[in-house]
Structures are given as structure tokens and as C-alpha cells.
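Here is a report on one protein model and its ligand. Look at the structure first, then read on.

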Amino acid sequence: MPEPISQTEYWNSEVGERWTAMQAELDRVFAPLTAALLDGAAPRPGERMLDIGCGCGETALLAAGRLGPDGGVTAVDVSRPMLARARARPASGAPITWIEADAQTHPFAPEHDLALSRFGVMFFDDSRAAFATIRRGLRPGGRLAVLCWRALQENPWVSVARDAALGVVPEPAPVPPGGPGPFRFADRDGLAAVLAGAGFADVAVAPVDALLTLGDDADEAGRFCLTVGPVAGLLRDLDEALRDRAAAAVRAAMPRERPVRLGAACWLATAVNPA
Ligand SMILES: C[S@@+](CC[C@H](N)C(=O)[O-])C[C@H]1O[C@@H](n2cnc3c(N)ncnc32)[C@H](O)[C@@H]1O
């Protein structure tokens, strides 16, 4: 069995390169979810904001426009390729400081009005300690708004491709309970308990549902599913012939309507730093 790699190694491997290459497409596909996150986070002019696991920068850049020139964004990630893409993108509004650091332990200045994350908080070794670190980066009364995936079965944009791939490739070992992974916070009560345990008050967890437009046709949608997200991980390290068969099965499983749309289900968790 190969040694498990750390999340920092993982997001600096070909995975980070792949996400970087898919940045524009990914931001287009996730746009309805991003809009729900920004509405929930409600960044206001002049506020200082943290973006946790900012990746290629979409949420930091969009929020910077709302915060305006008197605001400020600190955007943190462990992935060098994704941060390099973020830094290279045109920015306006609040100045953005991009930092390569582990958000679980980084000593954030306790001055932020808001911390948000689009799918960047499910990969911590110790989620409660990590959220306590993030909370300490907020001033008293500062707000948290994070978007996480609900269960795999509630996310056809992943499960349709995954079920098709699993007709060809072996089932992966299950993620240990509480271990890092995209569905770490599928359980609503578990997510609320982690945030409360990290010292947050007024914790609320609300469902966000959207139809994602994965591509203009089945080929394009299949390519998207095979390039980002959990299905890509299933095909890594397989020999080429098996990978090709799995990819063909995924493309064949995509709906025939054009454009191809499949559902996504998230939790939007909001909370306040009481002290
Ligand atoms: C699923 S991606 C989401 C990226 C971006 N927020 C987006 O929506 O496109 C998860 C991100 O979290 C980052 N990440 C994972 N663990 C982290 C940690 N401990 N500290 C900072 N960033 C982390 C990864 O490098 C990656 O960029």
C-alpha cells in the first residue's frame, strides 16, 4: 500500500495543476453555488475578509469587488499552482493578499469581519481545531460563511459519473469517518457540531441546491466530470486501457439533453464569532 499523502502534497500534485487548468470552466459550472455563497456571506464595503482554501481565487476576486477599495481580502491556500493562477488574474476593488499557508494553523490577525470558503474547509486533519483557528482570525461579531457538499447520493453531478466509472474500475477504500474529503461535512448535524465546538455562535446550516451546466454535450460534460472532483481520483494511477474504458462509460452515462445539466446539493453554514 502506498503511504497516504498529505493534503498539502495532494493539492500541489497534478491535482492542483488540473484544477488550475480547469479554472475558468470550473468557475462557470459552480457559478450558481458561488452566487449563493456570496449572498449568504454578504460582504459589505470596507470590510476585511478571509478566503479559506481560496484555490484559483474566484471567491476572493468576486468579494473584492463588493468590498471596494476600502476593504481588504486575505486569501489563503496550500496549493502553489492554484495560488499562482489566482495572483495572475485581473483584480479590482479591495486589495487582495494571497498567502501560501495552512489555514488550520496560520496565525491570522484577529481583525477580519468575515471568513468565507467555497469548498475549501473539508480537507482539514482536525476540523474543530482548524475552525477555531479561523474563528480567532475574526473580530468579535465577525461572520463565517462556508459552502460544503452534501452527501454523494444527493449530488448527481458526481454520482452519475462515479456509478458509471465503478462499472469498470475498482471501488476505492472508504474515507475514514471524520477524515478529509469532499463529503466530510455531508452530515448537517456533524457540521453544526464542529462549528459550535470551535467556539462559533448562531450556527445555521441551510441547504443550497442548483442545477449545474456541465457542458454543451455529453462529451464535454463527461470531460468535466473526469477532470475535477471525486471521479477524477478514481481513474488516477490506472493503466491507460482501463482509464479509457472508464472514461467512455462516464461519457455514455451523461444525459443526452443539450446542454447537460445535473443537480448539486450543498450546505451553506453560517456562524458568528461571539468573542
Ligand atoms: C475543492 S478546492 C476549492 C478551491 C476554491 N475555493 C474553489 O472553490 O475553486 C479545495 C481547496 O482547499 C485548499 N486547501 C486544502 N486544505 C487546506 C489547508 N489546510 N489550508 C489552506 N488551503 C487548503 C486546496 O489547496 C484547494 O485549493
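The side chain of Arg150 reaches the backbone oxygen of Cys266 at 2.9 Å. This model is predicted. Arg150 sits in the loop between β5 and α8. Is Arg150 buried or exposed? Its relative accessibility is 7%, so Arg150 counts as buried. The cut-off for buried is under 20%. A second polar contact, of 3.1 Å, joins the side chains of Arg150 and Glu154. Beyond its sequence neighbours up to four places away, Arg150 touches residues including Asn155, Phe183, Pro207, Asp209 and Trp267.

**The ligand**

How many residues surround the ligand? There are 18, and the closest are Gly53, Asp77, Asp102, Ala103 and Arg118. The shell divides into ten nonpolar, five polar and three charged residues.

| Residue | Atom of the residue | Atom of the ligand | Distance |
|---|---|---|---|
| Gly53 | polar backbone atom | nitrogen | 2.7 Å |
| Asp77 | polar side-chain atom | oxygen | 2.5 Å |
| Ala103 | backbone N or O atom | nitrogen | 2.9 Å |

Taken alone, the ligand exposes 590 Å². The protein buries 97% of that.

**The core**

In soluble globular proteins, nonpolar side chains tend to be buried together. Here the largest nonpolar core has 93 residues. Which residues touch the most other members? They are Leu33, Phe131 and Trp157. Strand β7, residues 260–272, gives this core its largest share, eight residues.

Take Trp157 as an example. Leaving out residues up to four places away in sequence, Trp157 touches Phe30, Trp149, Leu212, Leu214, Phe224, Cys225, Leu262, Gly263 and Ala264. Trp157 is also one of the buried residues of helix α8, residues 156–166. What do the buried residues of α8 pack against? They meet the strands β5 (138–149), β6 (201–215) and β7, and the helices α10, α11 and α12 (240–253).

Now compare helix α2, residues 14–21. Its buried residues are Val15, Gly16, Arg18, Trp19 and Thr20. They pack against α1 (7–11), α3 (23–29), α6 (80–88), α10 (218–227) and α11 (230–235).

**Around Arg139**

Asn273 lies in the segment after β7. Its relative accessibility is 1%, so Asn273 counts as buried. A polar side-chain atom of Asn273 lies 3.4 Å from the backbone oxygen of Arg139. Apart from neighbours within four places in sequence, Asn273 is in contact with Arg135, Leu138, Arg139, Pro140, Gly141, Gly142 and Phe200.

Glu111 touches Arg139 too, along with Arg48 and Gly137, not counting residues up to four places away in sequence. Glu111 is found in the loop between β3 and β4. With a relative accessible area of 36%, Glu111 is partly exposed. The limits for that class are 20% and 50%.

**Sequence and space**

Separation along the chain is one thing, and distance in space is another. Thr105 and Ala130 are 25 residues apart in sequence, yet their C-alpha atoms are 6.7 Å apart. Glu111 and Phe123 are twelve residues apart along the chain, and their C-alpha atoms are separated by 24 Å. Thr105 lies in the loop between β3 (96–100) and β4 (112–118). At 60% relative accessibility, Thr105 counts as exposed.

**Backbone exceptions**

Most residues other than glycine have a negative phi, and most peptide bonds are trans. Which peptide bond is cis here? The bond from Arg258 to Pro259 is cis, with omega near -5°. Pro259 is in the loop between α12 and β7.

Phe119 is not a glycine, but its phi is positive, about 60°. Phe119 sits in the loop between β4 and α7 (127–136). Its relative accessible area is 10%, so Phe119 is buried. Asp202 has a positive phi as well, about 50°, and is not a glycine. Asp202 belongs to strand β6. Is Asp202 buried or exposed? Asp202 is exposed, because its relative accessible area is 61%, and the cut-off is over 50%.

Conventions: Residues numbered from 1 in each chain as written. Predicted model: local features only at pLDDT ≥ 70, side-chain atom pairs only at ≥ 80, totals over all residues. Heavy atoms only, no water. Core = buried A, V, L, I, M, F, W, Y, C linked by side-chain atoms within 4.5 Å. Buried < 20%, exposed > 50% of the residue type's maximum accessible area, 1.4 Å probe, protein only. Helix = DSSP H or I, 4+ residues; strand = E, 2+ residues; numbered from the N terminus. Contact = heavy atoms within 4.5 Å. Near = heavy atom within 4 Å. Polar contact = N/O pair within 3.5 Å; in protein donor to acceptor, adjacent residues only side chain to side chain. Areas by Shrake-Rupley, 256 points an atom, 1.4 Å probe, with all protein chains shown as cover. Nonpolar A, V, L, I, M, F, W, Y, C, P; charged D, E, K, R; others polar.
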